[in-house]
Amino acid sequence: MGILNYIFNAFSLRTILLSLVITSFSFISISASNYAIISDLGTSARSIAIGNVEGFSSVANSTFENPASLFDTRHYSVSLFSAKTIEDTRFLSTSISGKIPFGTLAFGFTSASVSDIPETDKIGNQHIIKDTFDYSNSIYKLSFQSSLNDSLHVGVSYSYFSQNFFSVSGSGFDLDLGLFWEHKNFDLSFTAKNILPGSKVSYSNGASEELPFQATIGLNTSLQSFQLLPQLKFSHGQGLLSLGTVYTPSFVPFIEVLAGYRQHLDYSQQRHSNLTFGIGVTLFDFNFNYAYERSDYILGDHKSYFSLDYSF
C-alpha cells in the first residue's frame with residue numbers, strides 16, 4: 001500500500017503541475033495589453049535585490065507573488081515597502097497575513113501615485129499652467145492558501161485594480177492561482193496571474209485596457225551557505241529570465257547577502273536587463289532589507305529600496 005500511495009501521489013502531483021503549466025501557456029498567445037501592473041516593480045526590497053524572483057517569500061507580501069507560499073508565514077505577518085521612483089512617483093506596498101484553522105488569509109494594498117501634475121494650456125504663443133491634478137494606480141489583493149499535504153500547497157488571490165488621473169477613473173478585477181511544492185532537493189513555485197480571459201480595466205471615458213496574463217515558474221535550491229533561485233516569467237508574450245542568489249554566512253546567520261539579474265519590459269514592451277544587489281538583516285521578529293538597482297533612467301539611474309517585515 002505504501003508503494004501504491006507513493007505512485008498515486010506522484011502521478012497526482014505531475015498531473016497538477018502539467019495542467020497548470022499547459023493551461024497557463026495556452027493564455028500567452030492572447031495576452032496583449034498595455035495596462036501597467038505596478039507590482040512588477042517588486043514586492044519588497046528583498047525581491048528586488050534577488051532579481052525580482054517571486055514566490056519564495058515567507059512573509060505577508062506573498063499575496064502579491066504566489067499566494068500558495070503563504071503556508072510558510074508565521075501566525076501573523078506584516079510587510080511594509082515604500083519607494084520613490086522616477087521624479088515624484090511614490091510607491092507604497094503593505095500587506096498582512098494570518099493563520100486560520102484550514103489555511104492562511106492575507107490582504108495587500110499597493111499604490112503608485114504622483115501629485116500636482118500640471119495641466120497646461122496655450123494662450124497665443126505662451127504655455128501656461130491652467131491647473132494641477134493627481135495620478136494614482138492601485139492594486140488590492142485578497143488571498144487564501146491551503147495545503148493539500150505536507151509538501152504541496154495551493155493558493156488563490158482576488159485582485160482589484162483601480163486607476164485615477166485627471167477626471168478619468170478606471171477599475172477592474174481578476175484572479176491569480178499559485179502552487180508551491182517542497183521537494184527534498186529544491187522548492188518549486190508556480191503562479192498564473194490574471195487568469196480570467198478578456199478581463200479588463202474599464203475607464204469612465206469609455207476606454208478599456210486588457211489585464212495582461214502572466215505565468216511565473218521558479219526554483220529555490222540550496223548549496224551549502226548559498227541559495228540559487230532561477231526563474232522564468234512569461235508576460236506580454238515574452239519570456240523573461242531572472243536569477244537570484246542568497247548568501248548566509250555561517251558566522252553571522254542573521255545576515256543575508258543578496259544579488260540578482262533580471263530581464264524586464266518597459267511600458268513600450270521593450271526588453272531591458274538589470275543587475276541588483278542588497279542585504280537583509282533579521283533581528284528578533286523583524287526583518288529589514290535594502291536593495292540597490294542601476295536603472296536605465298538617466299536622471300535617476302541609481303535606485304535604493306527599503307522594506308520591513310514583522311512576523312510573530
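On a 1 Å grid over the protein atoms alone, a pocket is an open set of points with protein on both sides within 12 Å along at least five of seven lines, and a cavity is a set of points where a 1.4 Å probe fits but cannot get out; lining residues have an atom within 4 Å of a point. Grid points are joined across faces, edges and corners, and a volume is the space filled by probe spheres set on the points.

Good morning. The structure under discussion is a predicted model, in which local features need pLDDT of at least 70 and side-chain atom pairs count only at pLDDT 80 or more, while totals for chains, interfaces and linings use all residues. Residues are numbered from 1 along each chain as its sequence is written, and side-chain values use heavy atoms, with hydrogens and water left out.

I begin with the chain as a whole. The protein chain contains two helices and 16 strands; helices (H or I, at least four residues) and strands (E, at least two) are DSSP runs, numbered from the N terminus. Of its 312 residues, 45% count as buried, where buried means under 20% relative accessible area, exposed over 50%, and partly exposed in between, with a 1.4 Å probe and protein chains only. The chain exposes about 16100 Å², and carbon and sulfur atoms supply 63% of that area; accessible areas come from the Shrake-Rupley method with a 1.4 Å probe, and for residues only the protein chains shown count as cover. Among contacts (heavy atoms within 4.5 Å) between residues at least 6 apart in sequence, 50% join residues at least 24 apart.

Next, the empty space. Rolling a probe the size of a water molecule over the atoms shows where empty space is left. The second largest pocket holds about 740 Å³. Its lining has 43 residues, and those closest to its centre are R46, F56, S57, S58 and D72. Several elements supply at least two lining residues each, among them helix 2 (45–49), strand 6 (168–182) and strand 16 (302–311). By class, this lining divides into 15 nonpolar, 18 polar and 10 charged residues. Here Ala, Val, Leu, Ile, Met, Phe, Trp, Tyr, Cys and Pro count as nonpolar, Asp, Glu, Lys and Arg as charged, and the others, Gly among them, as polar.

How many cavities of 30 Å³ or more does the structure hold? There are two. The largest cavity has a volume of about 70 Å³, and its lining residues include I37, D40, K141, F161 and Q214. That lining comprises two nonpolar, three polar and four charged residues.

G42 counts as buried because its relative accessibility is 5%. Leaving aside residues up to four places away in sequence, G42 touches S47, I48, N52, F81 and F91. Its C-alpha atom is separated by 9.9 Å from that of Y305, 263 residues apart along the chain.

I turn to the packing of nonpolar residues. In soluble globular proteins, nonpolar side chains tend to be buried together. A nonpolar core is a set of buried Ala, Val, Leu, Ile, Met, Phe, Trp, Tyr and Cys residues joined through side-chain atoms within 4.5 Å. The largest such core has 28 residues, of which Y35, F91, F161 and Y305 touch the most other members. Helix 2, strand 1 (76–84), strand 6 and strand 8 give two or more residues to this core, and the largest share, three residues, comes from helix 2. Beyond four places in sequence, the contacts of F161 include Y35, I37, F173, V201 and L211. A second, separate core of nine residues includes W181, L188, A192 and I195.

S307 sits in strand 16 and is buried, with a relative accessible area of 4%. Apart from neighbours within four places in sequence, its contacts include S44, A45, R46, L80 and F81. S202 belongs to strand 8 (residues 200–203). Is S202 buried, exposed or partly exposed? S202 counts as partly exposed because its relative accessibility is 43%. S202 and G170 are 32 residues apart in sequence, with 5.2 Å from C-alpha to C-alpha.
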